[in-house]
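Hi everyone, thanks for coming. I'd like to walk you through a structure today, so let's bring it up on the screen.

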Amino acid sequence: MRWFSRFRAPLVLAFFMLEGAVIVPAAAAVDYDRAIRPVLAARCYSCHGPDGESRKAGLRLDTFAGATATLKDGVRAIVPGDPAASEILARLSAHDPEERMPPDGREPLTATELAAVRQWIQEGAVYAQPWAFRAMDDGAAPTVRDASWPRSEIDRFVLATREAAGLAAPAQDIDPAALLRRASFDLTGLPPTEADLRAYLSDSSEANFEAFVDRALASPAFGERWGRHWLDLARYAETLAHEFDYEIPDAWRYRDYVIDCFNRDLPPARFVAEQLAGDLLEPRAALGLTNAAPLGTAYLFLGPATHAPVDVRLDEADRIAGSIDVVGRSLLGMTLACARCHDHKFDPIPTRDFYALAGALRNTRRVESFLDTDPRAASLAADATSALDAAARVASVSPEAHSLVADATPGSMRLDDASDGGAAWDQSGQAFAASRALLGCSADGSLRLAESGTIDSARLDTQLVGSARSPAFGISKRYLHLRVRGASSWVRVLIDNYWLDSANALLFDGMRRRLADADATQATRDPREWEWRVETFDLARFVGERAYVELIDDGGGWVEFDAMLASDEAQPPKSELWDIDGTASAVDLLGPSTNAQRDLVVAARDALRACTPPIRALVAEDSGQFDEPVHVRGSPRNYGEGVPRAELSILAARNAAAQPGTIGSGRLRLAGEITDPSRPFLWRTLANRVWLKLFGRGIVETPDDFGQLGAAPWSRELLDHLAMKLARGGTFKELIRAIVLTRAYRALGDEETLAPTAWGALPVRRLDAESIRDAMLLASGRFDPRAGGPSVAARLTEHMQGRGRPGQSGPVDGAGRRSVYLAVRRNFLDPFMQAFDQPVPATTCGKRHTSNVPAQALALLNSDLAHELAAFWGKRLAEQSALTDDSKIDSMWFAAFARAPREDERAAAVEFLGGERAAALDASARDAAAYTALAHALFSAKEFVFLR
Amino acid sequence: MVALAGLFGREALASDAGEILAERALGATHLPARARSVIFLYMDGGPSQVDTFDPKPRLADYNGKPFPMTMAPTQFNNNGNTLASPWKFQQFGESGLWVSDLFPHVAGVADELCVIRSMTSEFSEHTNANYLLHTGSGIPGRPSMGAWCAYGLGDENNNLPGFVVLEGGLIPPGGLDCFTAGFLPARYQGSVMRPVGEAIADATPREKLEAQDRKRQLIARLDSAFLHEADAEAVESAIKNHELAYRMQAAVPELASLDHESKETQALYGFDSPDPNTRHYARECCLARRLVERGVRFVEVTCPRTIGDRWDQHNDLKAGHEANAHAVDQPIAALIRDLKRRGLLESTLIVWSAEFGRTPFAQGSNGRDHNPFGFTVWMAGGGVKGGAVIGATDEFGYRAVENPYQVHDLHATMMHLLGVDHRRLTFRFGGRDMRLTDVHGRVIEGAVG
């Protein structure tokens, strides 16, 4: 109720006078977006909206046809142009609570709302398409009466909203020091340096401001600031919550990736596409990786997760729903997750769209992948494979007549015999790259006959690391038999993409198996001589579910897979039934004619060994191409109609022929459609997010919900103008720069002229949690600007208890690192950051709360952090014995408030220091104690945490 | 307009009188409030219904024999035979309420209890079930019931938080997320209060009060100049909150000190019990009373660490349940008696509940696994009908068969007793008017006195 509670009496009067006399003449048409749609949506749609299943009395009020249809009892809810005949008005205004809508004692509509509905019906009850679904307008900037104020097109859009509301342009620009502080925090999350300030204050020219802005945009701190905004949308955390708060492996790599993308100003379309399908796009080298794009897809897997779900299918469905919620809100501004159990109650989003997206995500698996850091690795592995092939040709190797004959065993079914060397399997790292070669390379560099039709991490070299995954398959029989061999490596069966057995095996015990660690005698033997073994998995509880097999060689060992089959018998088929062995032969394996090829193989292998090793990271990978049916009432045990995966009606192209097809999971298609320049959702949500972070108030106040229950934009023209800039290929930095250089950005905020339908600058904004903590670090001198890498361990207090609590607390001051580098543990969130509204990482949070509570004062007064940093600052100042109190006070004011102290403030500070010195018990540390006390007080000054 | 208020994010508003207004989403309760505060006695891990308040003599007939009903999948998938209760049940009070030997003290206040024997949950696993019990949703990150109450009703004491969690030694599985404000403003999250050490984080000055006072004066000078320059309500509120913080520093130690309780009261709770866990829980229960006395809206009391693993007796049911019951029995009975004699019981709703119950068949030979299909919770005080039994499980105590209720119904009933229509306390988030009970919940009418 902020807008209304904020108007003080004289202003309220002024506003209504304006509204009555000038701004909204009685004849003005009702604004459907503002006055009608939200009322119908909030008050009527839950029973009379898009969801057919819960519709009452057969009445549908979200479409013209529905609202004007003749109902069973002969009446019509709405008769366009005829309020008296419109039953809806009678029901909405009925005195009898039994008659009145909304029913069951809910509050009736207000008189203003009723009047608006009446007028709208009188005017013909025109249903406009919900604004967020309309195409973006590319309108020219409006002309404004006060031409002296605007500096740019954006300013003209902005001023037009004020003039339409009867408001003048803001009377004043902010002073240069405050402007620099504002821009510095907004662009980098840090206060300006004293040098920057002094330079700008001595020459506050436009060119100097632009130069400052450009430096800030180019600084690494920019990505740390704006990357953190994105992490809010991605519900970024590094643990999984639930009972043991297990870690999300290498989550910090996603954080570094996001920061890097913002710093290098990756085009928004590419950045967003990488979130959804970075593993499927053209590779993009960055962060020391040959392809960093897959890192973006961790976005899909940053939610919480529970160990040992009794119903693994429901668990998967819940996790997918969490991801859909994030995709919907963060990229589309649409609450898709509301359509899980039924058509969306308020927005035109059918439940089929939810399952189209669920289908794409169910065919996507979460992989702790091996990503190459060396650009030569892939080509060297390919070279080595070719050389092995060439050697095999020279040596006239004939492939083994390899076949799995298990089909002959009653009740069993062949699933995969890798006869093509696992062409359909996905692999990461280079260990499995040479699987289809007929020859292998032994440790001593000699060539050997290899088993054909296997997937083998040791074909080229046992030292390589990597993983391989089978296509997903349905579990139709109780037992799964895998014929494998190897050492110091892993074989896993993953059910319904459930992976957490790696942390806690309960209920999934044995789904992840370690192949024996090699002992000394085995290690020296040729892998070819190892015995095959059959690993049998009892899947009794999972018949009907989906599964895949993963082979992991994470160093020091090897693994080779021959075949797998499903059967009803616990006893695997006899070994001779698995493989008809060896017609493989070589005419001349060891002769001189293969030496040349052998040398090539060994050279490539040795070069590969010299490459920098791959890293592990969490990424997405396609696993299958099944369509997912609708789950009736959201139950994964109750299937309804099938839905083609990745085909969302709200993203449908107007031109069906232009619709891209679905390949694999369909994520690539989704990425293409969501980032299509002609589809408005993404561009509007992104533009609005940028505006919100720069002004503290969005053009749409509900940045994650542009639906019927969300707010309408106070200027769709401005929103579309900004969105079009992005849709046309503009980057985040370009848009941010354009906005920061507007006149609007430097306006002095004025509480008195804030209005709901027009732009206005806020008089103050409270800094967010990260900025406050980072500013404390910087002021105190404890700041460590190092970027990236594993997170600083979470600081744990006595009040933070529970299972999964790390054994050790992190440092009080976070080692001086910026807040974005502090570990985010879901069950042990930092209380200081929480007090200042860092969001709970549950789902997308595009707009943080800005609460104003005593806990914040207590955190600044009594937290270990505030005391430790104040002491650090105080000690540092005390040690600067050459400087006077005056100059130290100057530097403290610049550090805390980005300005010089006024004379009365200086006097107060001097007096305060005197008092503290007098009170100090330890004479040798008097100065340090006095400056520590002053530093501590400055942290609690309101000007420290508020931005003007 | 509750939802609209939420949409813009509420801020502490400074009134002309210079006081922080009690923050509450509801101007007035929807219904006459029966209770003013809630004390939620969380029985971490899941006490067994058939060993506490839901006697099933038929189990003895089948003891050691295969369980005669179809068994659903369980958490550990290690189901044994039928396991009769090792404890005897007797009837107590005028109501003749059945209580097992595990709770001799609680049995003494049987006529105050309203026992619901037909509660159900949706999950067999602690954390999902815990999130459901605490937030109405099986996933982490949603607002806790205490946060909802504080949001809807505000609190009646500006010097204390509206939602306090007394830490007994065991934070529930699911962690502090069980007490989160979720998408509600952070101020509504549960403040963890410890019966030992610093009671509430950051509420104790780290320096002498004179030193703090000198800073306070300097800060006030700087702040008044800044307020003059940036004439904004947010700054004004922050200044008032700063003053309030000083007052909280004084209020918290006064609250946490139990020394002024009479010897008789201390003995009633069990301050002098030979069992250290009883002593610990006694202090928690006594603190809970002091909190509601001071107007705190919602207090959750967590269990002490007894023999290690809460009420979660996957094996050795007898020893585990005895230790857990002994820790809480006397303090709970004392809390009820103490509130009653102070005239506070009728305005304080006590809820005793776990995330689920336990299987009537064994896990292994002498434990019980999780059972969400039928378990017992009870309420007392705060407008509840005492000495009543509601609903029933089948003859083996496995599934609720008569008037089965959901956790949402428990929430709806708690809200109802606080004067809130659970359907009408909402917060606009993510395109929906969210509520504690989601789209579910019906008041358990039989429980309302």
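This is a predicted model: local features need pLDDT of at least 70, side-chain atom pairs count only at pLDDT 80 or more; totals for chains, interfaces and linings use all residues.

Helix H3 of chain A, residues 32–43, and helix H7 of chain A, residues 111–122, have axes that come within 10 Å and cross at roughly 105°. An angle of 65 to 115 degrees counts as roughly perpendicular, so that is how H3(A) and H7(A) lie to each other.

Which residues meet there? From H3(A) we have Tyr32(A), Ala35(A), Ile36(A) and Val39(A), and they meet Glu113(A), Ala116(A), Val117(A) and Trp120(A) from H7(A). Seven of the residues in this contact are nonpolar, one is charged and none is polar.

Now over to chain B. Its secondary structure comes to eleven helices and 18 strands. The C-alpha atoms fill a box of roughly 80 × 50 × 40 Å along the principal axes. For 449 residues, a compact globule would have a radius of gyration near 22 Å, and the 23 Å of chain B agrees with that. Buried residues make up 62% of chain B. Of the chain B contacts with a separation of 6 or more, 77% join residues 24 or more positions apart.

Finally, how do the two chains touch? Chain B brings 69 residues to the contact and chain A brings 77. On the chain B side, the elements giving two or more residues are helices H1 (2–8), H4 (126–135), H6 (209–229) and H7 (233–256) of chain B. H7(B) gives the most, with eleven residues. By type, that side of chain B divides into 33 nonpolar, 19 polar and 17 charged residues.

Thanks, and I'm happy to chat about it!

Key: Residues are numbered from 1 along each chain as its sequence is written. Chains are lettered from A and ligands numbered from 1 in the order in which they are written. Helices (H or I, at least four residues) and strands (E, at least two) are DSSP runs, numbered from the N terminus. The radius of gyration is taken over C-alpha atoms; the globule rule is 2.2 Å times the number of residues to the power 0.38. A residue is buried if 20 or more other C-beta atoms lie within 10 Å of its own, exposed if 12 or fewer, and partly exposed in between; C-beta atoms are placed from the backbone. Two residues are in contact if their C-beta atoms, placed from the backbone, lie within 7 Å. Axes are lines fitted to C-alpha atoms, for helices over the stretch in contact, and angles run from 0 to 180 degrees between N-to-C directions. Angles under 35 degrees count as roughly parallel, over 145 as roughly antiparallel, 65 to 115 as roughly perpendicular and the rest as oblique. Ala, Val, Leu, Ile, Met, Phe, Trp, Tyr, Cys and Pro count as nonpolar, Asp, Glu, Lys and Arg as charged, and the others, Gly among them, as polar.
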